Amino acid sequence: MEANGGKVAEPLQEACGIVGVFAPQEDVARLAFFGLFSLQHRGQESAGIATADGQHIFSHTAMGLVPQAFHEFDLQRLPGSIAIGHTRYSTTGSSLAKNAQPLVTNGAHGAVALGHNGNVINAAELRKELSLEWGCSFATSTDSEVILQLLANAPGVDWGQRVAYLMRRVQGAYCLVVLTPDSLIAIRDPLGVRPLCLGKLNGGWVVASESCALDHIGAQFVRDIAPGEALLINQEGPKTIHNGNEGRSALCVFEFIYFARPDSRLDGRSTYAARVEMGRQLAREHPVEADVVIGIPDSATAAAAGYSQESGIPYREGLVKNRYVGRTFIAPDQRIRELGVRIKYNPLPEVLAGQRVVVVDDSIVRGTTTPHVVEMLRRAGTKEIHLRVCAPPIKWPCHFGVDMATRRELLAANRTVEEVRRFVGADSLGYLSLEGLYKAVGKPREGFCDACFSGRYPIEVQLEMDKLALEHS
Ligand code: SF4
């Protein structure tokens, strides 16, 4: 893999995790901290929390992992009963301290802070309009600040009207947590590309990118925020203030394959169970004579167990992962990614030597790490390497918050399966089919985005995008 949660390395970068807490009587900054800690896999470049006490907004952001970004005294300086938090992987704008979120501004309706997961397609045009016609100035090079300025200065007598305006103007993927001095607003774009859910906590409320964050801070899952929904939470509880659903949705199917944690539930479906099924389905589609099945830890472990169950080939741990090395795919720079592969995994010759091994991985994106992993397995004495991938070939760029912006960088974009096999050095290679993927997810294809596999985008996009476009402009 490369991508994900425990991947081998390479790949995909998710574009952030967000959390929001409304809980009078609680230490909301600390709850947001632990929520972010469980969403660390969604972004490792920077982290931040903003809180509100009814009158003012306070914030702290810093580069690095959540525990690096916050010390005890940082949390103590974040008072109030409402908090939002953000972990970042940059898909628009560089990995710089000034681009760390939550972003805070004083707009036409007072102070507002915002955390964003996703990617706005028309950010450059909107930014130009906001600068020239609304007189907004920008401190960052992110699309998130465009959303913040648009919302903070939007026409409308209340937040429901302002969110409706925002949704009419912004195209793309955006899950947002918005903080005002006295309320929390959670917003999911009309297609629901990125996940966002609501939980209940001791008389308070929590929203988060994934349900695992609710579990970790002791909140009970209530429901997913619907595509197009804006939920305002204040002393009176949560209230839907806008419903911009367009009658269709496009949840990123890659969340099931790699991004989301296995202990999260998306749209009512366990990602762990879906991954086990992906492995079973791979075994049906690409059987092979072999002695052992291994998974690239951690994201392909569940699928490897599924392949083993279906095929009857015993499952073993063939690679030991250094748990203190972050997801390599999260590293924004290619050179750092490659270095990361070598220190991240160590093969076990006791399991691999002389064996015909099925190696299950979650995905192959750029192909910068898979050849290194194959070579590592060969050096450990593996006799045959049969690579099985829980996703179809990735041929198209993502415009919705995952860092694969151009076709050129995608290994399978212009190669056959046989050419990819030769490139990575495996003895055989099998990708899960798109049909098989949806069988494993257990839901119909309508309702999902699978554009990076199919080229079928849920909204019109430019085929090449520039992650740093707002810096250049
Ligand atoms: S293009 Fe791929 S990674 Fe991007 S949102 Fe769609 S399914 Fe997810």
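Student: Where is the place of Leu114?

Tutor: Leu114 sits in strand 6, which covers residues 110-120. Keep in mind that this is a predicted model.

Student: Is Leu114 buried or exposed?

Tutor: Leu114 is buried, because its relative accessible area is 0%.

Student: OK, and what does Leu114 touch, leaving out residues up to four places away in sequence?

Tutor: Leu114 touches Ile84, Gln101, Pro102, Leu103, Ser144, Ile147, Leu148, Leu176, Val177 and Val178. There's also Val104, 10 residues from Leu114 in sequence, with a C-alpha to C-alpha separation of 6.5 Å.

Student: At what angle do the axes of helix 5 and helix 6 cross?

Tutor: Roughly 135 degrees, with the axes coming within 9 Å. Helix 5 is therefore oblique to helix 6. The crossing is right-handed. For reference, helix 5 is residues 143-152 and helix 6 is residues 159-169.

Student: And how does helix 4 pack on helix 5, at what angle?

Tutor: Helix 4, residues 123-132, packs on helix 5 at about 45 degrees, and the axes are 10 Å apart. So helix 4 is oblique to helix 5. This crossing is left-handed.

Student: Which residues make the contact there?

Tutor: From helix 4 you have Ala123, Leu126, Arg127 and Leu130, and from helix 5 Asp143, Val146, Gln149 and Leu150. Sorted by class, the contact of helix 4 with helix 5 has 5 nonpolar, 1 polar and 2 charged residues.

Student: Which residues of helix 4 are buried?

Tutor: Ala123, Leu126, Arg127 and Leu130 are buried in helix 4. They span an arc of only 100 degrees around the axis, so they lie on the same side of helix 4.

Student: Why would residues spaced like that point the same way?

Tutor: An α-helix has 3.6 residues a turn, so residues three or four places apart point the same way.

Student: What's exposed on the other side of helix 4?

Tutor: Glu125, Lys128 and Leu132 are exposed there.

Student: Changing topic: which residues of helix 13 are buried?

Tutor: Helix 13 is residues 370-379, and its buried residues are Thr370, Val373, Val374, Met376 and Leu377. Looking down the axis of helix 13, they fall within an arc of 160 degrees, so they line one face of the helix.

Student: What comes just after helix 13 that has a positive phi?

Tutor: Gly381, with a phi of about 95 degrees. You'll find another glycine with a positive phi after helix 15: Gly442, near 80 degrees.

Student: How many residues of helix 15 are buried?

Tutor: Helix 15, residues 434-441, is mostly covered, with 6 of its 8 residues buried. Those are Leu434, Gly436, Leu437, Tyr438, Ala440 and Val441.

Student: What covers the buried residues of helix 15?

Tutor: The cover includes helix 8 (254-259), helix 9 (271-285) and helix 16 (451-454), plus strand 16 (269-270) and strand 23 (447-449).

Student: Now a couple of histidines. Is His242 buried or exposed?

Tutor: His242 counts as buried, because its relative accessibility is 18% and the cut-off for buried is under 20%. His242 is in strand 13, residues 237-243.

Student: What is His242 in contact with, beyond four places in sequence?

Tutor: Gly160, Val163, Ala164, Met167, Gly228, Glu229 and Ala230 are in contact with His242.

Student: Last one, the whole chain: how many helices and strands?

Tutor: The chain has 17 helices and 23 strands. Of its 473 residues, 62% are buried. Among contacts between residues at least 6 apart in sequence, 71% join residues at least 24 apart.

Technical notes
Residues are numbered from 1 along each chain as its sequence is written. This is a predicted model: local features need pLDDT of at least 70, side-chain atom pairs count only at pLDDT 80 or more; totals for chains, interfaces and linings use all residues. Side-chain values use heavy atoms; hydrogens and water are left out. Axes are lines fitted to C-alpha atoms, for helices over the stretch in contact, and angles run from 0 to 180 degrees between N-to-C directions. Helices (H or I, at least four residues) and strands (E, at least two) are DSSP runs, numbered from the N terminus. Angles under 35 degrees count as roughly parallel, over 145 as roughly antiparallel, 65 to 115 as roughly perpendicular and the rest as oblique. A crossing is left-handed if the near helix is turned anticlockwise from the far one by less than a right angle, and right-handed if clockwise. Buried means under 20% relative accessible area, exposed over 50%, partly exposed in between (1.4 Å probe, protein chains only). Contact means heavy atoms within 4.5 Å. The arc is that of the directions from the helix axis to the C-beta atoms. Ala, Val, Leu, Ile, Met, Phe, Trp, Tyr, Cys and Pro count as nonpolar, Asp, Glu, Lys and Arg as charged, and the others, Gly among them, as polar.
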